[in-house]
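Got your viewer open and ready? Let's take a walk through this one together, one selection at a time.

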Amino acid sequence: MIEVKAVSKRFTLHNQGGATIDVMQNAALCVAPGECVALTGPSGAGKSTLMRMIYGNYLAASGAIRVDGLDVVTATAREILSLRRTTLGYVSQFLRVVPRVPTLDVVAEPLLAIGRDRDAAHEKAGKLLTQLNIPETLWALSPTTFSGGEQQRINIARGFAHEYPALLLDEPTASLDPVNRAVVLSLISDAKARGAAIIGIFHDADARAEVCDREIDLSSFATGKAA
Amino acid sequence: MTQDEVTPLLSVRNVQKSYGAIVGCTKVGFDLYPGEVMGIVGESGSGKTTLLNCLSGHLTPDQGQVIFDTRADGPRDTVAMSEPERRMLARTDWAFVHQHARDGLRMNVSAGGNVGERLMAVGARHYGDIRDKATDWLERVEIDTARIDDRPSTFSGGMQQRLQIARNLVTGPRLVFMDEPTGGLDVSVQARLLDLLRGLVRDMGLSAVIVTHDLAVVRLLADRLMVMKDGNVVETGLTDQVLDDPQAAYTQLLVSSVLQV
């Protein structure tokens, strides 16, 4: 489902003396449907960078990244947008939303984007929010004023609203209490059970052991010059 | 997939416009597909408004083609069209939201009249229907329908901007050009307008070209981004990719210059 081949990444900082930083070389990995793979390595090893390249958020300098057959490295903006709508979900560590939009709409949005009707989308969003212990009194409020842990859970609910065949999870259990951590891990297990290919970054070793089938240490792809 | 067979709604090829020796914009080309929103950013004088005016028929480019997929005859170059044909397209298929609402509204005609006028321009004649549609659109842009007979000159800036949007969208255009749609508005009003625009784009399947210098606005509204400097396109790509991993020196400068709130 997700296949990374010979991928390298370099940042060129034009306004800082044209410094170039090689952060990754020859990265390769493969994730099958129903499998969850953890990216590991010390801070700066390129875990988030690789994840962002798979999502098309960072440009790879070379190599190929195939998600459901589409090479993200060479795909057009339009192809990547369509891939993100239907196939590839991403739960980042940050919640980015239009201010003043109610939480329920924020979570339902990925479903509306693929043409699901409003009631069905809201029902699914409400179900996820309940599961993640976001009290119903908050659903009509914008999540911009919520606590860090609540925002994290809104982000997760949004990422799981549509059943993406491929999922990228950046620290999904960070800043969660044990109860909600367990809910998130069960959501991940459910997604695996329905055949989703998942790549995750987990600093929490127990969580990693619980849901991940394999680990890939990115330090072997690092160039040693990363900041 | 069949998506490659979809005709772009707008194909821009090598568009160039100079003012005497001064280059407005040069060698601009891109395809915009149905349902897509493209942002154009750059500092003042970068040529973004000149480009928008060339695309929307307000200015005639010196060179290049602006091909629009018309309902009746398929793709046609709007630069080579006759003026009446282009005006008809502007009334039926395009909308233009100006930065200053007063440029896009008739300030001495009632709010309902402003919306109704666009309908009459495309042939609506039944007063009751026009009034109903105007009322419906005022509700959609969250203007109190009790104000339907008031002139926009009595409205606040944010209300005027929302009225301008209602006036533009009432005829069901397929392509919306926006020049700094949230410029000069309070941030609280901006947020509401952004949400309104996003909902309209999604529900009506609109395509839009949005010119702005506000990177936060394009991040939330635009799927794709084009960065201009001195009349040239310096970078294009997915909005989040251009903002998070900018390649060109100028884009890096632009992104790193934004103040963090």
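Start by selecting A:Ile188. Setting aside its neighbours within four places in sequence, A:Ile188 is in contact (heavy atoms within 4.5 Å) with A:Phe160, A:Leu169, A:Pro172, A:Ile198, A:Phe202 and A:Val211. A:Ile188 and A:Phe160 touch the most other members of the largest nonpolar core, which has 91 residues. A nonpolar core here is a set of buried Ala, Val, Leu, Ile, Met, Phe, Trp, Tyr and Cys residues joined through side-chain atoms within 4.5 Å. Buried means under 20% relative accessible area, exposed over 50%, and partly exposed in between, using a 1.4 Å probe and protein chains only. In soluble globular proteins, nonpolar side chains tend to be buried together. There is also a second, separate core of 38 residues, and it includes A:Ile2, A:Ile80, A:Ile199 and B:Leu238.

A quick word on what you're looking at: this is a predicted model, where local features need pLDDT of at least 70 and side-chain atom pairs count only at pLDDT 80 or more, while totals for chains, interfaces and linings use all residues. Residues are numbered from 1 along each chain as its sequence is written, chains are lettered from A and ligands numbered from 1 in the order in which they are written, and side-chain values use heavy atoms, leaving out hydrogens and water.

Next, click on A:Phe202. Is this residue buried or exposed? It's buried, with a relative accessible area of 2%. You'll find A:Phe202 in the loop between strand E8 (197–201) and helix H7 (205–211) of chain A. (Helices, H or I with at least four residues, and strands, E with at least two, are DSSP runs numbered from the N terminus.) Beyond four places in sequence, the contacts of A:Phe202 include A:Ala38, A:Glu171 and A:Cys212.

Now colour the strands of chain A. Five of them form an open sheet in the order E6-E7-E8-E3-E9, with parallel pairing; two strands pair if DSSP finds at least two bridges between them. Strand E6 (88–91) and strand E9 (214–217) of chain A each have a single partner strand, so one side of each has no neighbour in the sheet. Zoom in on strand E3 (residues 36–40) of chain A, which pairs with E8(A) over three bridges in the parallel sense. There, A:Ala38 stands opposite A:Gly200 in E8(A).

Select helix H6 (residues 178–193) of chain A. This helix lies across E3, strand E7 (166–170) and E8 of chain A, running at about 150 degrees to E8(A). Such angles run from 0 to 180 degrees between N-to-C directions, with axes fitted to C-alpha atoms, for helices over the stretch in contact.

Zoom out to chain A as a whole. Chain A has seven helices and nine strands, and buried residues make up 54% of its 227 residues. Its C-alpha trace spans about 50 × 40 × 35 Å along the principal axes.

Last stop: chain B. What is the strand order of its open four-stranded sheet? It's E2-E1-E4-E5, with antiparallel pairing. The edge strands are E2 (22–32) and E5 (74–77) of chain B, each pairing on one side only. Strand E1 (residues 10–19) of chain B pairs with E2(B) over seven bridges, in the antiparallel sense. Pick B:Val15, and you'll find its bridge partner in E2(B) is B:Val28.
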